[in-house]
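Here are my notes on the model, as numbered points. Please read them with the structure open.

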Amino acid sequence: MFRALQATFGIAVVVFLLMPIFAILPLAFTSSVFLNYPIPAYSMRWMHELTTAEVWRTSILNSLIIGSGATVLATVLGTLASLGMRRGALPMAGLLRTMFLLPMVVPAVVLGVGMQIFLVRLGLASTYLGVIIAHAVLCIPFVIVSVSAALQGIDPTIERAASSLGARPVTVFRRVTLPLAIPGVVSGAIFAFATSLDEVVLTLFVAGPNQRTLARQMFSSIRENISPTVAAAALLLIVGTLCLGGLGALLRWRQGRKTAAAAA
Amino acid sequence: MKSGVLRDRSGALLLVLPVIVFLAVFFLWPLWTMVTAAFVDDAVSKVLPRTASSIVSWDGQGVPSQATRKALVQDLSAASEEQALGEAVRRLNSAASGFRTLLGRTIPAVKAAPDPAQVDLAAVDPRWNDTRFWVALKEAMPPYTDRNILAALDLKRDASGIIVAEAADVSAHRLIMLRTLMVAAMVTVACAVIGFPYAMLAASLTGWKRSVLLLAVVLPLWTSLLVRTAAWFILLQNEGLINRALQAIGLIDSPLPLIFNRLGVVIAMTHVLLPFMVLPIYSVILGIPRNLMSAAQSMGAGPIRAFWRVLLPLSLPGLLSGSLLVFMVAIGYYITPALLGGANDQMISSVIAFYATGTANWGLAGALGLILLVVTTVLYAIYGRFSTSQQVPGA
């Protein structure tokens, strides 16, 4: 009796968690003009619309530009900071860490209002650079968390062994530390890109009509004239995220094999 | 040895410095800008500096002295920046209606006069004899104001400067804050009620069953928030899957209202935030030694008693930090209520966005944003203290 109850509860929650994601995907291929079931016939018209309609095409392009910019900026800054915070050589490391993670905590709307006023004063409102900077602020915590975790996993004795064998600090870093940290950097970059891809609120505040991203376009489409293009865009986002996640997993796996081979 | 430590330290600092500078400029400074936007009120005093220093001595009775009126004329004839002047006029007009037309007549007259010193304001427009406008001018002069933060709390200063409540039909910020807390509390409770047993179940299972349960939690986390919100839109609408299914099995005759109301917002937010509840509880339960439960039972406690006295108290830290996390994220939510809620389900973030992007009232947006920021920061501080001290005894 208790077992059956447990199983029912578990299945119900799994369905609750997964049903929405699986419900939206088939609608990318509906032939109807409504974002709703039943699907009268399967067609590619909305995928076609997504890739040919001006607003959607530019928004995809904008997402790629802004996402890449924010990812590069956040990954470089975040990786440097993680390297610096390693080994606890810094005073007030705890305080710094809290500050670095704060952008994850501050409500997006609050940051959005401040960012809007601030970027207007700098003359960066409604520019690509402004949006990239705003997104990078949100992405940095993800990079720092990911790279710090990778650095923590490095056995310091390996580095000590390298220097005792005569390698200079720069060489130790380049030949030992960095290769071991790379998977963390890559997964940090993937997190950063995914964060930028999904960002709506800050974009609403700081982007002009020329910097409309895919997520922003989906937001206004759901709000104003919902059409199955939203489902097509959702499919694109899910496939994109899966590819990125798969890439990260692949890299980790290869790294794992390499370290295992080195240890053997 | 000492110089080595110093070198390490300066090297580390050099690596961390770029992020510190970047976040200081593009994160802390914007937040500070927002806070100051709520308190700075220098639109008028910037344009009319002479009037500002002269009107201070006026007692608020009748009309200010000749010197003050002269100063105003001088300021108006010297004002050249179109945009700054426009902002000052807007600020004054919001304090005393009619100020726009009054200045609209006065400024050209002052500028056209051959000798501004000879202009008599009352002759240009008799409204300059009205104390009301001078009072508004005087009150707009101090460069800092508590007007926005009071308005954010549905308060205002009356004519004598005492803080009083704003009329209930003018402003509803307190109502919206209360609603924000209510929705966040409902979502937190829903997440706890579903998430706690779910985490326990996942921790008690092994093999593929546990993997499925955990995957179901992590997969939505990896899915775009927009995608999930759009998906709930599809499920909850009147012709949506849920209503159709319920109608098909004959449970209901007409569609249940599930979207554009509180229920829809709570369902979708629970779905989005459930992982933040399950994961901390799960990790705490995993840290509880398994033999504790059997020890309790071997000492004569029934399974329910063993749960109440052993497992539940030990997993409370996870439940608490999960609840804090969910509540903290929920009070700042914008997208889900904006897309799935009705007019009566908009939370504080929507109001802030409305003032900032809709009406360009950055002062009020900043004041409301400050309140949200303070509440979130306090919750985060509690969460931070809590999750560092959450060590399961014996583990």
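1. Into which domains is chain B divided? There is domain 1 (1-40), domain 2 (43-143) and domain 3 (173-389). These bounds come from an automatic or database domain assignment.

2. A word on the basis. This is a predicted model, in which local features need pLDDT of at least 70, side-chain atom pairs count only at pLDDT 80 or more, and totals for chains, interfaces and linings use all residues. Residues are numbered from 1 along each chain as its sequence is written, while chains are lettered from A and ligands numbered from 1 in the order in which they are written.

3. Domains 1 and 3 of chain B have centres 34 Å apart, taken over C-alpha atoms. Their contact takes five residues from domain 1 and seven residues from domain 3. Two residues are in contact if their C-beta atoms, placed from the backbone, lie within 7 Å. On the domain 1 side, the residues are five nonpolar, no polar and no charged. Nonpolar covers Ala, Val, Leu, Ile, Met, Phe, Trp, Tyr, Cys and Pro; Asp, Glu, Lys and Arg count as charged, and the others, Gly among them, as polar.

4. Chain A has 11 helices and zero strands. Helices (H or I, at least four residues) and strands (E, at least two) are DSSP runs, numbered from the N terminus. The C-alpha trace of chain A spans about 70 × 65 × 40 Å along its principal axes.

5. Of the 264 residues in chain A, 43% are buried. Buried means 20 or more other C-beta atoms within 10 Å of the residue's own, exposed means 12 or fewer, and partly exposed lies in between; C-beta atoms are placed from the backbone. Among contacts in chain A with a separation of 6 or more, 76% link residues 24 or more positions apart.

6. Now the interface between the chains. Here 66 residues of chain B are in contact with 63 residues of chain A. On the chain B side, elements giving two or more residues include helix H1 (2-39), helix H10 (173-204) and helix H19 (362-389). H1(B) gives the most, with 18 residues. By class, this side of chain B has 48 nonpolar, 14 polar and four charged residues.

7. Is A:Phe219 buried or exposed? A:Phe219 is buried, because 24 other C-beta atoms lie within 10 Å. Not counting residues up to four places away in sequence, A:Phe219 touches A:Val200, B:Leu226 and B:Ile335. A:Leu204 is 15 residues from A:Phe219 in sequence and 9.6 Å away in space, C-alpha to C-alpha.
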